[in-house]
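Student: I have a sequence and a model on my screen. Can you show me how to read the features one by one?

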Amino acid sequence: MLQPGDTIGILGGGQLGRMMALAASKIGLKTHIYCPDPNSPAFDVTAFHTCADYEDEAALEAFAKSVKRVTYEFENIPAPTVEFLKSRLPVLPGDNVLRTSQDRLIEKTFFNDIGIPTAGYHDVASQQDLEAGVKALGLPALLKTRRFGYDGKGQVFLKSEEDVRTALDIIGNQPAILEAFVPFEREISVIAARNEQGQIVSYDIAENVHQNQILHTTTVPAAISDSIAAEARAIGEKVADKLNYVGVLAVELFLLPEGHDQRLVANEMAPRVHNSGHWTESACLVSQFEQHIRAVAGWPLGTTKRHSNCVMTNLIGDDIHAQQSHLSEPSTAFHSYGKSETRDGRKMGHINVISPIDAA
Ligand code: AMP
């Protein structure tokens with residue numbers, strides 16, 4: 001268990017690392033951010049940082065000596081980096097989690113093995129596999145690279161035989177999976193947390209709307225029944241339990257319309273704090289960021305109770321320039337990630353618009 005004033009190492013210096021560092025300092029812990037990008041937004045808010053490649057063993061050695069535990073803000077950390085660090089100090093969540101979540105095939109297999117339904121899928125290593133997959137699953141379908149996909153990158157939507165002929169080329173002939181198309185009614189997500197003592201908590205279920213395959217808004221509560229909400233929370237908690245997880249995780253789920261036997265289908269998990277949990281910053285006493293830091297520190301988890309309804313909207317690219325108007329809107333919390341360069345499609349900040357739940 002960490003002591004107040006101890007330092008947690010964080011791999012990755014983007015907005016998630018930044019928000020974890022802010023949350024850590026709020027509860028009396030320090031952070032050391034490790035990231036190869038000299039313009040990392042998290043460097044602005046941390047006592048210590050290292051700007052070095054993930055393969056730089058001298059830098060990793062010094063980093064490991066300066067912190068008590070290591071966590072991360074992204075799941076695609078090179079395996080040798082994790083190996084190097086984990087032989088020296090705890091890396092949380094553990095590398096079993098990274099192995100599962102870095103590869104869509106392993107991830108889907110894991111979900112199914114623990115009784116969580118997913119879309120039908122087929123392992124694709126060749127054109128022949130792809131054709132067999134299309135035969136088994138039908139069209140439309142999605143071809144996704146097994147690794148390194150995010151925000152819809154590394155994916156092709158297949159509608160026709162022509163798409164089937166070109167899809168593997170489009171994704172660079174990488175190992176892939178073919179997924180059956182899920183005719184979902186809504187996309188929802190669950191944020192759960194577990195600490196090393198085995199305490200597990202989850203937040204209320206959020207509903208997510210994407211634009212151009214990037215998260216646009218998250219609304220809490222989701223417009224779903226109590227029983228579906230309970231089922232979704234149980235999925236998040238089960239994943240945390242089965243992986244002996246330490247930290248915060250997100251599971252993205254598809255909700256199918258009434259009439260389908262199976263209404264909740266897991267899409268993917270993120271072994272970290274997640275964009276669809278940013279609402280917790282303004283609508284809960286303990287945010288997902290603080291919850292993650294508490295778990296990594298070996299501290300008791302906090303309440304996930306929601307005191308407000310909330311709509312989180314991502315500020316993408318030029319959206320950030322409306323900053324002044326957000327600052328004067330009532331019931332709106334504005335959060336900028338302090339990124340020096342605005343680019344199309346880049347997550348620059350978010351706003352949380354809250355409406356307090358009547359306590360009476
Ligand atoms: P992913 O990168 O897997 O999160 O996919 C990005 C987005 O594509 C999801 O949020 C969905 O909107 C859509 N999508 C992904 N997989 C499927 C599927 N099997 N069926 C329908 N839509 C999907």
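The dialogue below goes through strands, cores, the ligand site, one histidine and some backbone features.

Tutor: First, the ground rules. This is a predicted model, where local features need pLDDT of at least 70, side-chain atom pairs count only at pLDDT 80 or more, and totals for chains, interfaces and linings use all residues. Residues are numbered from 1 along each chain as its sequence is written, and side-chain values use heavy atoms, with hydrogens and water left out.

Student: How do I read its two faces?

Tutor: In a regular strand, side chains alternate between the two faces of the sheet. One side of β13 carries G247, L249, V251, L253 and L255. The other carries V248, A250, E252 and F254. Both sides are covered.

Student: Which strands pair with β13, and in what sense?

Tutor: Two strands pair if DSSP finds at least two bridges between them. β9 (residues 186–194) pairs with β13 in the antiparallel sense, over nine bridges. There, R194 stands opposite G247. β14 (residues 264–270) also runs antiparallel to β13, and six bridges join them. In that pair, E252 faces E268.

Student: Which way does β1 run relative to β2, parallel or antiparallel?

Tutor: Parallel, with five bridges between β1 and β2 (residues 30–34). I10 has I33 as its bridge partner in β2. β1 (residues 7–11) is mostly covered, with five of its five residues buried. T7, G9 and L11 point one way, while I8 and I10 point the other.

Student: What about the core?

Tutor: In soluble globular proteins, nonpolar side chains tend to be buried together. Here a nonpolar core is a set of buried Ala, Val, Leu, Ile, Met, Phe, Trp, Tyr and Cys residues joined through side-chain atoms within 4.5 Å. The largest core has 85 residues. L11, L85, V239, V251, L253, M269 and W279 touch the most other members. Domain 1 (7–91) and domain 3 (186–359) both contribute residues, so this core lies between them; the bounds come from an automatic or database domain assignment. Apart from it lies another core, of 13 residues, including V134, A167, L168 and I171.

Student: What does V239 touch?

Tutor: Contact means heavy atoms within 4.5 Å. Leaving aside neighbours within four places in sequence, V239 is in contact with F110, F111, I114, I116, L249, V251 and M269.

Student: Which residues come nearest the ligand?

Tutor: Near means that a heavy atom of the residue lies within 4 Å. Of the 16 residues around the ligand, K144, Q155, V182, E187 and E268 come nearest. Next, look at polar side-chain atoms and ligand oxygen atoms. For R104, such a pair is 3.0 Å apart. For N267 the distance is 3.1 Å, and for E268 it is 2.9 Å.

Student: Is H335 buried or exposed?

Tutor: H335 has 13% relative accessibility, so it counts as buried. H335 lies in β16 (residues 332–336). Its side chain makes a polar contact with the side chain of E281, at 2.6 Å. A polar contact is a pair of N or O atoms within 3.5 Å; within protein, one must be able to donate a hydrogen and the other to accept it, and residues adjacent in sequence count only if both atoms are side-chain atoms. Beyond four places in sequence, H335 is in contact with M19, L22, E281, G349 and H350.

Student: Where are the cis peptide bonds you would show me?

Tutor: One runs from L92 to P93, with omega near -10°. P93 sits in the loop between α3 (79–86) and α4 (95–101). Another runs from V220 to P221, with omega near 5°. P221 is in the loop between β12 (214–220) and α8 (226–242).

Student: What is phi for N173 and for S331?

Tutor: N173 has phi near 50°, a positive value in a residue other than glycine. Its place is in the loop between α7 (161–170) and β8 (176–180). For S331, phi is near 60°, again positive in a non-glycine residue. S331 is partly exposed, with a relative accessible area of 44%.

Methods
Buried means under 20% relative accessible area, exposed over 50%, partly exposed in between (1.4 Å probe, protein chains only). Helices (H or I, at least four residues) and strands (E, at least two) are DSSP runs, numbered from the N terminus.
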